[in-house]
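Trainee: Could we go through this model together, taking each label and asking what stands behind it?

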Amino acid sequence: MAALMKMVDVALVLLISLSQLGGNWVEAQVHHVVGGDRGWDQSSDVSSWSSARNFRVGDKIWFTYSSSRESIAELKSKEEFELCDVSNPIRMYTDGLDSISLEEKGIRYFASSNPESCKNGLKLHVEVLPQGEPEIPKVATSMGSVLDVADGPTIPSSSAHLVGSFILLAFGFICCYAVVGV
């Protein structure tokens, strides 16, 4: 009887823990230092640096640069990004060490506020993926572009999590009923 009670206690703790998670696994926030050790600099090859990374909602990107020589413009559109049109940015970053939270899915565009530096490749587009979406392998080509290799596996819908939570909840009620009925 004591062993059964211990088993029921363990099952209830497990049930409560899983129900608090809502069936989702918690993912860690990643901090990306743009350009790696060299930071935001013409010599860092920002395009190659970013092609090997996946950015997700909740991550942060950090720009490190000399604020006396450089600033960073966040741009509104792909067209502004491609043309290095920094005349009407969404926001300017000028501190030399800027942390930017990636709070929603989508594409964000950053460029050197110096149009010549931007035209020489000092710009970054960041595709922010939702949390939990599978990583898509990328291959950098010699020209700096990135190709998607293949689609990753699909993620079960939230209804699968709901069914799993319901099954765990039903199991917990059955265990409680068995103990009370004994």
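Mentor: Three bridges join strand 1 (residues 31-33) to strand 3, and these two strands run parallel; within that pairing, V33 has W62 of strand 3 as its bridge partner. The model is a predicted one, in which local features need pLDDT of at least 70 and side-chain atom pairs count only at pLDDT 80 or more, while totals for chains, interfaces and linings use all residues. Residues are numbered from 1 along each chain as its sequence is written, and side-chain values use heavy atoms, with hydrogens and water left out.

Trainee: Which strand does strand 3 join through five bridges, and in which sense do they run?

Mentor: Five bridges join strand 3 to strand 6 (residues 97-101), and the two run antiparallel; here the bridge partner of W62 is S99. Strand 3 (residues 60-64) also has a covered face, I61 and F63, whereas K60, W62 and T64 make up the uncovered one.

Trainee: How do you know which kind of aromatic pair Y93 and F110 form?

Mentor: Rings of Phe, Tyr and Trp (its six-membered ring) pair if their centres lie within 6.5 Å, and planes under 30 degrees apart count as stacked, over 60 as edge-to-face and the rest as tilted. The ring centres of Y93 and F110 are 6.3 Å apart and the planes stand at 55 degrees, so the pair is tilted. Y93 lies in strand 5 (residues 91-93) and F110 in strand 7 (residues 106-112), so the pair ties together parts that are 17 residues apart in sequence. Both Y93 and F110 are buried, and together with W40 and F63 they form one aromatic cluster.

Trainee: Why is one side of strand 2 and of strand 5 left without a neighbour in the sheet?

Mentor: Five strands form an open sheet in the order 2-8-7-4-5, with mixed pairing. Strand 2 (55-56) and strand 5 stand at the edges, each with a single partner strand, so one side of each has no neighbour in the sheet.

How values were computed
Helices (H or I, at least four residues) and strands (E, at least two) are DSSP runs, numbered from the N terminus. Buried means under 20% relative accessible area, exposed over 50%, partly exposed in between (1.4 Å probe, protein chains only). Two strands pair if DSSP finds at least two bridges between them.
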